[in-house]
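Subject: Structure handover

Hello,

Here is the structure for you to look through. Please open it first, then read my notes below.

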Amino acid sequence: MYFKLNNFSGIAPAVDSRRLGEQFGQIAENLDFESGALVPITNNTDTLTLSNSNRQSIFFYNNTNWLQFDEEVDVVEGPVPNDSFNRLYWTGQDFPRVGTNTSMISGSGSYPASSFQLGIPAPELKPTTVKTGTPDSTQTPFEVSYVFTFVSVIGEEGPPSPPSDVIQLTDAENVNITMGATPSGAFNFGTGALRRIYRSNTGSNNTQFQFVGEVPIATTTFTDDKNGSELGEVLPSETWIAPPGNNATLDPGGPMLGLIPVANGIMAGFSGNRLCLSEPFLPHAWPVSYRITLEDIIIAIGATGNGIVALTKGDPYFVTGTDPSSMQAIKLDIQQSCVNKNSVVDMGGYLLYAGPDGLVAVGNNEARLVSRGIISAKKWNADFAPTTIRAFRYENTYVAFYTHTTTDQNGNVSATGKGWVYDPRAETAAFSTLTTGSELIRGGFEKDDDGELYLITGNKIVQFREGTTPKTLKFRSKVFATPYPTSFSWISVDAEAYPVSVKVIADGTTIADYTISKSGNVFTQVTTTPSGIANATLHESIMRLPAEVGKEWEVEVSSATTINEVCIAQSVDEVKAL
């Protein structure tokens, strides 16, 4: 009788240790399961020293500069191809913001150096008008009114002012227009910003307004001397209001959060229970008519191939459509709220997030609990820290970090970085755990071009698993139950290199604790348990076990090298059997 392990997977705490599949373990720590062998992950490597230890978010800009934030922000590149301003948009600070290459990367010190409030305000006051000249007695006067807009340095046009009082006008007359002051605030209204003036031809406040002219934003007067036939384009920005900001009256749900890019040049965010959508390719314009109200407060959102997933304090929603004016929200048939915004990870085509009962996958109009049958709801909340994790995507695995705190008998509190990984790549999806020592992870960034993951720990940015030193892996097998009391005589380990530590447990007691090393073609066995046994020189990585009898057998291995096979057997011939 023998038990041979040569295909390894992760842990499944919901399953009794005796009923686990042979590839599963009770412990699976610091492992990469992609090959099926026990492969240790490597350590992290330093990338950059940050300007302080308060950073919560980072973004690698233009493949050159690291942007650093003290808040949990969501940063999105602009949707305009070949954008000469290289704009970035983000939420999570006092209000949604936009930055350009010249504003963010200027001067010395940490970046972004400066940024602007996203969205352009509407002028508060209507313009006033005074006619000059002599009316054309051969022409029937027509009724007109005026509006004006503000335009930022980078060409973002805002909504119009209230219309001026209606006046009667002929082509022979001119109109002097006076406009209100430029609003204060963090708007991009420097050199190059404009006021655009539009005129109606019918006098109705509901009519279309056409372009008359523009002046620098500091200029508050304009003279209209154009005939009606000379007017230009129709006012495009009537509904282009700013996204929800920090005005408690106008934005009861608070500033817009969770900014993401969506297909067709659209951006999306949320405020309270409202999902907000932008005009295509115009991230400064967020019409009220494009906002969708859901039943519950939104915690996070993410884009999939055919729409947007909105995760709430209640059920998740799938929002579908190609045009922001006609998108529809569909409640998904799974009662799994999102318990933590930082748990949400875009896995490419679907999202993974922490629900109250386990890890949830949600995609195009469907959702499922991927940890069902692997981790019980009780174990999930007790051991996997779903409400506190910060999760990321790395090589198509879901990597979650959290801080584990302990209090000793004297009341001293210590914190240790821990984590876990969900790997959906294998035929049998696997969960495993991570040790990070003193590395308490506060945030991170995944580079789109190569998928590399960068993490914030202390005052540094580190690159995940890109060091040269392997971590120590640990794997404890399932409980192998024999039909009657049995004595196994041999334990073997086939590894790519050594040393490897091996424990054999019979009926809950460690009967053997060996470390096997190799020099040239000679193996050396160092014994911890049972005590009093001298070190042994071996020709193969096969070690004799003490004469113990048991019905429930477990094997635990730990090493900083790849382990291909572990076998516990009654004879050497069984060890060598295929």
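Start with strand E7, residues 65-69. Five of its five residues are buried, so E7 is largely enclosed by the rest of the structure. Keep in mind that the model is predicted.

Which residues of E7 lie on each side? Asn65, Leu67 and Phe69 are on one side, and Trp66 and Gln68 are on the other. All of them are buried, so both faces of E7 are covered.

Now look at the partner of E7. Strands E6 and E7 run antiparallel, and five bridges join them.

E6 leads on to the largest pocket. Its volume is about 1,500 Å³. The pocket is lined by 49 residues, and the closest to its centre are Phe59, Val75, Phe445, Glu446 and Asp448.

Which strand gives the largest share of this lining? E6 does, with five residues. Several strands supply at least two residues each, including E8 (74-77), E20 (257-261), E24 (298-304) and E36 (441-446). By class, the lining has 24 nonpolar, twelve polar and 13 charged residues.

The second largest pocket holds about 700 Å³ of space. It has 28 lining residues, and Pro121, Ala122, Ala242, Asn247 and Leu250 are the closest to its centre. Its lining divides into 17 nonpolar, seven polar and four charged residues.

**The cavities**

Rolling a probe the size of a water molecule over the atoms shows where empty space is left.

How many cavities of 30 Å³ or more does a search of the whole structure find? It finds two.

The largest cavity has a volume of about 100 Å³. It is lined by 16 residues. Nearest its centre lie Leu31, Asp32, Thr397, Val421 and Arg465. Strands E3 (31-32), E33 (397-407), E34 (413-423) and E35 (430-437) each give at least two residues to this lining. The classes are ten nonpolar, two polar and four charged.

The second largest cavity has a volume of about 40 Å³. Its lining is Ile41, Asn44, Leu434, Thr435, Thr436, Glu439, Phe464 and Lys471. That makes three nonpolar, three polar and two charged residues.

**A sheet of three strands**

One more thing to find. Strands of a sheet pair through backbone hydrogen bonds, either parallel or antiparallel. An open sheet of three strands has the order E12-E16-E19, and the pairing is antiparallel.

Look at E12 and E16 (residues 174-178) together. They run antiparallel, and five bridges join them. Val130 stands opposite Asn176 in E16.

Best wishes

Key. Residues are numbered from 1 along each chain as its sequence is written. This is a predicted model: local features need pLDDT of at least 70, side-chain atom pairs count only at pLDDT 80 or more; totals for chains, interfaces and linings use all residues. Side-chain values use heavy atoms; hydrogens and water are left out. On a 1 Å grid over the protein atoms alone, a cavity is a set of points where a 1.4 Å probe fits but cannot get out, and a pocket is an open set with protein on both sides within 12 Å along at least five of seven lines; lining residues have an atom within 4 Å of a point. Grid points are joined across faces, edges and corners, and a volume is the space filled by probe spheres set on the points. Helices (H or I, at least four residues) and strands (E, at least two) are DSSP runs, numbered from the N terminus. Ala, Val, Leu, Ile, Met, Phe, Trp, Tyr, Cys and Pro count as nonpolar, Asp, Glu, Lys and Arg as charged, and the others, Gly among them, as polar. Two strands pair if DSSP finds at least two bridges between them. Buried means under 20% relative accessible area, exposed over 50%, partly exposed in between (1.4 Å probe, protein chains only).
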